Amino acid sequence: MCGIAGYTGWRNASEVIIKGLQRLEYRGYDSAGMAVTGNGLEILKSAGKVVALTERNGKQGLAGTAGIGHTRWATHGEPSDINAHPHTDSHGNFAIVHNGIIENYNAIKQDLERKGHTFRSETDTEVLAHLIEEMHATGGSDFTRAVRQALSQVEGTYGIAIIHKDQPDRIIAARKGSPLLIGIGEDEYFIASDASPVVEYTQKVIYLEDEEVAVVSKDDCHVSTLKELEQSKEVYELAMSLEQIEKGGYPHFMLKEIYEQSETIADCMRGRVIASENRIQLGGLADVLDRLVNARRIVIAGCGTSWHAGLVGEYLFEYLAKVPVEVEYASEFRYREQLIGPGDVLIVISQSGETADTLAALREAKKRGALVLGICNVVGSTIARETDAGVYTHAGPEIGVASTKAFTAQVTVLAMMALLLGQQRNIISDELMKVLISELLSLPEKVSAVLENASGVEHVARLFTYSSNVLYLGRSYNFPVALEGALKLKEISYIHAEGYPAAEMKHGPIALIDEYMPVVVIAATHHTNDKMISNIEEIKARKGRIITISTNGQSGVGQLAEFNITVPPVHDCFTPLITVIPLQLLSYYIAVNRNCDVDQPRNLAKSVTVE
Ligand code: G6P
């Protein structure tokens, strides 16, 4: 988590850094700081959002053309001015910003304390600064070598940037487990934990790999390993524009991203759903298609919303391709007796492509010989680069911390994969394929129709703004949507919400139902209609307040509800792509009504790069 932005070149570094930190703020936003070399080493830090740092920086700003900055998501030590990065060595000679966790920091700290070091903050990062200082003092005059020596001793993860007052235009950057890239400009370089701070200045980037160290000055960038092996790095072109990372007139990124969905679903299918030939073409899987088609079993792993997309994928693969599927929380994947191996396929799903637990699951499965495929949104991300093959979601940058358009794009990819597999495995007849392809292609228009109806959802949101609990129920393809609806509400409005398979309600949650309890029932699948009607009756009998999501013309459901939100009908297996939209809107409007910080909800971060 946390965002790192660094600059060396000819511009005012503090301006570049602050702008970069604002763009990175979705990664963490409890405190921020920067160090600039101009008049020696000057450091400015502040608890709170980047705006607080901007105020401290004032009109003039720190002077200097090189510097590093950080926006924090606290792991060690509460958010405060002192714990904010950058941290320095004992003499204030250099400053460091860090993303990740130094797991053995306590042992190192105790050792350094015995050697006379004193610490000001509670962070693991300050310990790393002092370790570098110690290596420098005892190991000779080469500062970069001291950094390497210190990094070789730490356990855990890091993405770091360091600036030294004696080498004012030089930044040392290194990574292990936390992403870091370097943007290449004309006589200038940018260092960042993702592309958003860089895209305004250059499209050319190099990605640091684990245990690589870059030494960057305004006219040179030199990358080698921790063990001092020279690395020649490929330069990539960014697939991102500035416009995509701005709000474009919407009050929040989340609303913009919700409204983008008819377009992002269409973009995701472009060139992949070939209606004229009644087939799906996924170029990213071409080389591994045989192994995928003959897979003994598919395991899907992800976190948060990506895990929910994986659950929808399970229903899709089983129905359309008749292949056994298991869905795992990526964070638990390593803690089970893993029976995954050659013949199995692991599909990891990650919007950011950087989630630490998902990456760890990927590495574990790869080690055990499974084919590892990725469904990622961020092009060039670590997960996208480490998987054997994969499919990008092409949803464009997602900035709102609560994931919306990434979810629908992930489900669209899973639907296309399931269709491809089903056809290749001779499960889907030509006729059914025709129907499903045309249903898939009808989705963007249907999503637009749901969005045109947003005022109905806004009305419902007003009535339930001050609820303390909300229950979401769904069956079959829409059980994961119930989980996702509940997660959206929790994330941004801080209302307690739970998603349940509708029938499971009777095994516990029904005890909570009374006249104050809103129950959102996602009832849009036809093959579960009768059973859902029974569940709604059960809630009604206990005076629960029922909000249904049903399709136009669906019989029996809407009539039972206090509020019925209708969506256009689509083949049951694709309903999650339609039914999730009103749930995203519902949580958005409730959060706005409650004056919550929709795009940057408390305690959360967009990209969770610690385990
Ligand atoms: C965080 C985000 C969620 C996201 C999850 C997984 O919790 O706040 O929105 O679903 O991480 O992220 P990923 O980038 O791997 O999809």
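The chain of the predicted model is divided into domain 1, covering residues 3-238, domain 2, covering residues 250-451, and domain 3, covering residues 453-600. The centres of domain 1 and domain 2, taken over C-alpha atoms, are separated by 34 Å. The size of an interface is often given as the accessible area lost when the parts come together. Between domain 1 and domain 2 the buried area is about 780 Å², and carbon and sulfur atoms give 49% of this area. Eight residues of domain 1 are in contact with eight residues of domain 2, and two salt bridges are counted between these two domains.

Side chains of opposite charge can pair when their charged atoms come close. A search of the whole structure finds 32 salt bridges, and Asp210 takes part in a salt bridge with Arg175, in which the closest N and O atoms are 2.9 Å apart. Arg175 belongs to strand S8 (residues 167-176), while Asp210 is placed in the loop between strand S11 (204-207) and strand S12 (212-217), so that the pair ties together parts that are 35 residues apart in sequence. The side chain of Asp210 also meets that of Arg363 in a salt bridge, with an N to O distance of 3.2 Å.

Two helix pairs are described next. Two packed helices are described by the angle between their axes and the distance between the axes. For helix H7 (residues 261-269) and helix H15 (residues 443-452), the axes come within 8 Å and cross at roughly 170 degrees. Because angles over 145 degrees count as roughly antiparallel, H7 and H15 are roughly antiparallel to each other. On the side of H7 the contact is made by Gln261, Ser262, Ile265, Ala266 and Met269, and on the side of H15 by Leu443, Pro444, Val447 and Ser448. By class, the residues of the contact of H7 with H15 divide into six nonpolar, three polar and no charged.

The axes of helix H13 (residues 405-424) and helix H19 (residues 576-593) come within 10 Å and likewise cross at roughly 170 degrees, which makes H13 roughly antiparallel to H19. Here Phe407, Thr408, Val411 and Thr412 of H13 meet Pro576, Leu577, Val580 and Ile581 of H19. The contact of H13 with H19 has six nonpolar residues, two polar residues and no charged residues.

Several local features lie in loops. Most residues other than glycine have a negative phi, and most peptide bonds are trans. A cis peptide bond, with omega of about 5 degrees, joins His85 and Pro86, and Pro86 is located in the loop between strand S4 (64-72) and strand S5 (87-88). Lys322, although it is not a glycine, has a positive phi of about 50 degrees, and Lys322 is located in the loop between helix H9 (304-321) and strand S18 (325-329).

Arg296 is found in the loop between helix H8 (289-293) and strand S17 (297-302). Although Arg296 and Val325 are 29 residues apart in sequence, their C-alpha atoms are 9.5 Å apart in space. When residues up to four places away in sequence are not counted, Arg296 touches Pro324, Leu339, Gly341, Pro342, Gly343 and Asp344.

Note on methods. Residues numbered from 1 in each chain as written. Predicted model: local features only at pLDDT ≥ 70, side-chain atom pairs only at ≥ 80, totals over all residues. Heavy atoms only, no water. Axes fitted to C-alpha atoms, helices over the stretch in contact; angles between N-to-C directions. Helix = DSSP H or I, 4+ residues; strand = E, 2+ residues; numbered from the N terminus. Parallel < 35°, antiparallel > 145°, perpendicular 65-115°, else oblique. Contact = heavy atoms within 4.5 Å. Nonpolar A, V, L, I, M, F, W, Y, C, P; charged D, E, K, R; others polar. Domains from an automatic or database assignment. Buried area = accessible area lost by both parts, 1.4 Å probe. Salt bridge = Lys/Arg side-chain N within 4 Å of Asp/Glu carboxyl O.
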